[in-house]
Amino acid sequence: MSILVLADLHDGQLASATAHVVAAAQAIGGDIDVLVAGEGVQAAAEAAATLDGVSKVRVADNAVYAHQLAEPMGALLVALADDYTHVLTSASTTGKNVLPRLAALKDVSQLSEVIGVESADTFLRPIYAGNAIATVKSDDPLKVITVRTTAFDAVGSGGSASVEAVDVVVDNAQSSFVKQELAQSDRPELGGAKVVISGGRGMGNGENFKLLDGIADKLGAAIGASRAAVDAGFVPNDMQVGQTGKIVAPELYIAVGISGAIQHLAGMKDSKVIVAINKDEEAPIFQVADYGLVGDLFEILPELESKL
Amino acid sequence: MKVLVAVKRVIDYNVKIRVKADHSDVDLTNVKMAMNPFCEIAVEEAVRLKEKGVATEVVAVTVGPKAAQEQLRTALALGADRAIHIETDERVESLAVAKLLAKVVDEEQPGLVILGKQAIDTDNNQTGQMLAALTNLPQGTFASEVAVDGDKVNVTREIDGGLQTVALTLPAIVTTDLRLNEPRYAKLPDIMKAKKKPLDVKTPADYGVEVDSRVTLLKVESPAERKGGIKVASVDELIDKLKNEAKVL
């Protein structure tokens, strides 16, 4: 078994997701190489070399891989894939964008959002918004897999893998980067936060989301939102937790003014402890919450903030 | 230009699904089916491009059982001009769907192909990207804005942490995210008119595509149930439980 892990980058730096994907690769077993592709990614490659279990880091540092556009990234992976039995990356928007291109070009299926490894060819993945778990066996010669990072604990960073350059350069005349607007935030990343506090339609408006700030600061929490809150324009889309947004599994998830639609539960029901604050005691969220508090969030939130 | 839009018949998103007793799959007998929500957004975008004069013809296509023609008729009622049904009762994986759609792209030569970003049954999020790879066309996935500009299309994409805009040469493949648009409802007269619009029925064999897969579904299970929790009476009690019982504070 030889496994290639495509590293996740965030602003050119190695993202925490990669350590989780390497853990999934260890569960499969075999030699693990990490591919770091982008522009100006030497520091990310050195960080990847410290991840436990990694044999070798391969670096494709070239302007054509800047922003990891799908067309050149797909071509790069195709050029490298013959050395491997498995290619893995996280189920981030980049991973989801790039990996199916590799799979199709190698004429194999892709297994998306894998949450468990049974063996080198048999994997668990959620279907129907997480309301069923499928066990699937792939007989493809190359397994192309995106990993749901919250399902695997990150590996440590005591390793010292070798770093070598990849000199594959591909052409890309089809797509070009125009611009990027990233939401600025000092809080922990939603996907990796130990505590998440989310607001729903019950927050009433975007202004009221400020009620969550003080609590988030005291708990070191990331702030999320339900699709209803995003669709109502209260907060930007990248805060959305759910089947069509981010999947989170923190130690503590606090749902405020969220009814608990299937769509939302798919994004957070693997949290260790769930707290629901809602004025409707019949809300479905209380069926999954470990601790429920029925009441008016506009009274409860300030009280909670002052008592933490 | 011609716009091709792919739609899928899936279980209605409001239905609480049941796993079959023998764990072979999810039970779909007598369950309400509908057009995949992301495909509705794709149809809406195609129809809006036609209303703006960018698209000259909108062709809807689906792969699936005979009943999937209901979803094609819905697309026709929403404004598609004609439809192609590739009929099969097999379980068709994303790769096979992409291969079939690639043949349709080859035949129809659309300027733009629009798909949903994922189907809410398999949650794969693969078909659009695979189609782009197989047709050697650029892709704009998870689109929240699509602006055709001459021989290019600017696609604003929803990425982790924010938005990214890419420029793609046409023809191109676009997959829709939730915020791209708000799909319209089909009006009764349009539903009646849609019954008369052309709908071609083909089979995978007509395109010379094998739909079998090397991925086997071994088992489907319900996820572990969460234990029923308790309701607390006050903020003080909540904080006490989180500190001393759950030990997460």
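Visitor: What does Ala255(A) touch, leaving out residues up to four places away in sequence?

Guide: Ala255(A) touches Ser198(A), Val275(A), Ala276(A), Ile277(A) and Ile285(A), where a contact means heavy atoms within 4.5 Å. This is a predicted model, where local features need pLDDT of at least 70 and side-chain atom pairs count only at pLDDT 80 or more, while totals for chains, interfaces and linings use all residues. Residues are numbered from 1 along each chain as its sequence is written, chains are lettered from A and ligands numbered from 1 in the order in which they are written, and side-chain values use heavy atoms, with hydrogens and water left out.

Visitor: Is Ala255(A) buried or exposed?

Guide: Ala255(A) counts as buried because its relative accessibility is 1%. Buried means under 20% relative accessible area, exposed over 50% and partly exposed in between, with a 1.4 Å probe and protein chains only.

Visitor: And which strand is Ala255(A) in?

Guide: Ala255(A) is in strand E16 of chain A. Helices (H or I, at least four residues) and strands (E, at least two) are DSSP runs, numbered from the N terminus.

Visitor: OK, switching to H8(A). Which residues of it are buried?

Guide: In H8(A), residues 297-307, the buried ones are Leu297(A), Ile300(A), Leu301(A) and Leu304(A). They sit on the same side of H8(A) because they cover an arc of only 100° around the axis, the arc being that of the directions from the helix axis to the C-beta atoms.

Visitor: What's on the face of H8(A) turned away from that side?

Guide: That face of H8(A) carries the exposed residues Glu299(A) and Ser306(A).

Visitor: And what covers the buried residues of H8(A)?

Guide: The cover includes H5 (210-219), E16 (252-256), E17 (273-278) and E18 (291-294) of chain A, together with helix H6 (235-245) of chain B.

Visitor: Tell me about H5(A), then. What do its buried residues pack against?

Guide: Leu212(A), Gly214(A), Ile215(A), Ala216(A) and Leu219(A) are the buried residues in H5(A). They pack against E14 (195-199), E15 (222-225), E16 and H8 of chain A. Just after H5(A), Gly220(A) takes a positive phi of about 65°.

Visitor: Zooming out, how many helices and strands are in chain A?

Guide: Chain A has eight helices and 18 strands. Buried residues make up 58% of its 308 residues.

Visitor: How many positive and negative side chains?

Guide: Chain A has 21 positive and 39 negative side chains, with Lys and Arg counted as positive, Asp and Glu as negative, and His and the chain ends not counted.

Key. The place of a charge is taken as NZ of Lys, CZ of Arg, CG of Asp or CD of Glu.
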